[in-house]
Amino acid sequence: MNKIKKIFALSALAVCLAGMVFAFGSSAGSESKPEIISKNVMYTDKFILMYAVDAETVEGNEAILNVYEEYPTETSTPVCTLKDTTTETVKKADGNTHECYVFITNGISATKFTTNYYVTVTDGKNVSDVVRYSVAEYLNERLYKNGIVKVTEGDDLWRKEFYLSTLEFGAKAEHVLFNLDDKAENDRDDLVTDYKYIYTDLGTIDGFYSGIYAPGTEVDVTYTGSDSNVKGWTVENLQSGKKEFLASGAKLTVSAGYYLEPNTLGTVFEFGKGIYYNDTAVTSAARFDYSSMISISGYMTRSLVDGTFKATKQTDPSTGLCYASEATVYGADNAVSDSVYTAMTNPALVFETDIMFDGFDNDTISNIMVRFNGLGKQNRFYLTTDGEKVTLSGTNLSLEIGEWYNLRFEFYKVSDSGDNGTYATKIYVNNVYVGTKTPTTDAGTSPSFRFRLYMTKDALAPDSTFYLDNTFYGYVDKAYVAGQ
């Protein structure tokens, strides 16, 4: 064991014998007790669970690791106890190094790949939080969380095939040694290849950040962050990529591998699900599925990428930044006449689209402007970017850069007061109301019906881009109601 540990130390613990980087995650930790900062699996001809404990969190000069096959209680008896009084230098995935006590357990047999091992570390005075791990979780973690399952060439392809074939080996071992042994009580309905890997950030799944679960298992997902706007979870299927919403407090029934991300909207995006885009009864509108281009102006390029419209602000080679001038996407010029809205009892002007913002990594309050001609007026306002989100002051509009959303603006004339009357814009994301904004309203111009999305002169970050799909721009007969 000491020889193995020395080999491991010489490699700075950044990789195991076959190049495996430490995996991080456990139940919630505390600085007042020993902290297990990493867990991993080392493999030669066996699979061996490994744990590194930050020495700074251990009182005295000795740490003891206890291993259990069930969540430990005060009366639980460990299946294995290891003691360590020497430290090794461990390099975490973030590049920081720690002096750690490193524990290497016994090898795991193929029929026990799905067995969860629960470990704690004690220094004789304090006990760490419980950490849970299994060989099956390790293999799935490498495949899905690390993204190796998607590779098609290179060294990671060999690793991917090794992980997948190891899972298949475990399943065949389970089937031969249990399901074919003429003892029905040993049969396994779910083999290791049937188990699903689930993980999350800023939350726990049955008390842990990740785990493997048999299909049909119900798990509790708990948010541990500080955002009071979180309404639940975006549940992304690791196999299909499809996303669904799980409300806070609802149990998740396992049927696939998932990544769970805190969700503040209470809904998730799906392409082509805009309310008005799909309402064929509304004929006073223009619709764009981007089977062809729409117009641009200024220093901007446009293209169609996998059926979506892409418009990117051009880079000025003399500065390496985007040109300090406006670049505009616009469409639907005079597609609907003024006589349509004047004939309505309660005309509302609606712009609805699937949209993704990319780039915009320079901070300014006016990187993006929207301008809509309709209702005999010109309505506009600015969106803010900070490199991570696109936001609109006075509302809950907050769009992650690099993510798709369905975005809808509904423009209403709410009174005749003032020189131009009073106007309001209700805003929806993924069909959920996020706020109302008073636009700047100017006299109507020609064309009287047009939508425009601007990258302003301040949008200087290279490759700042609008992606658009399934766009609707038109009039609906709909009375204004304040709020949702």
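A pocket, on a 1 Å grid over the protein atoms alone, is an open set of points where a 1.4 Å probe fits, with protein on both sides within 12 Å along at least five of seven lines. The largest pocket of this structure holds about 1000 Å³ of space, a volume being the space filled by probe spheres set on the points, which are joined across faces, edges and corners. The model is predicted: local features need pLDDT of at least 70, side-chain atom pairs count only at pLDDT 80 or more, and totals for chains, interfaces and linings use all residues. Residues are numbered from 1 along each chain as its sequence is written, and side-chain values use heavy atoms, with hydrogens and water left out.

**The largest pocket**

- The lining of the largest pocket comprises 39 residues, of which Asn263, Thr264, Leu265, Ser398 and Tyr405 are the closest to its centre; a lining residue has an atom within 4 Å of a point.
- At least two lining residues come from each of strand 17 (258–263), strand 29 (398–400), strand 30 (404–415) and strand 32 (432–437); strands (E, at least two residues) and helices (H or I, at least four) are DSSP runs numbered from the N terminus.
- By class, the lining has 16 nonpolar, 13 polar and 10 charged residues, where Ala, Val, Leu, Ile, Met, Phe, Trp, Tyr, Cys and Pro count as nonpolar, Asp, Glu, Lys and Arg as charged, and the others, Gly among them, as polar.

**Helix packing**

- Helix 2 (residues 135–145) and helix 3 (residues 155–179) have axes that come within 10 Å and cross at roughly 145°; axes are lines fitted to C-alpha atoms, for helices over the stretch in contact, and angles run from 0 to 180 degrees between N-to-C directions.
- Tyr138, Leu139, Asn140, Arg142 and Leu143 of helix 2 meet Lys160, Tyr163, Leu164, Thr166 and Leu167 of helix 3, contact meaning heavy atoms within 4.5 Å.
- This contact of helix 2 with helix 3 is made up of 6 nonpolar, 2 polar and 2 charged residues.

- Strand 9 (residues 196–200) runs antiparallel to strand 11, joined by 4 bridges, and Ile198 stands opposite Gly211 in strand 11.
- Strand 20 (residues 300–305) and strand 21 (residues 308–313) are antiparallel and joined by 6 bridges, with Leu304 partnered by Phe309 in strand 21.

**Backbone particulars**

- Most residues other than glycine have a negative phi, and most peptide bonds are trans.
- Leu202 has a positive phi of about 55° and is found in the loop between strand 9 and strand 10 (203–205).
- Asp306 takes a positive phi near 50° in the hairpin of strand 20 and strand 21, which has 2 residues between the strands.
- Ser446 and Pro447 are joined by a cis peptide bond with omega of about 0°, and Pro447 is in the loop between strand 33 (440–443) and strand 34 (450–455).

Methods. Pairing = 2+ DSSP bridges.
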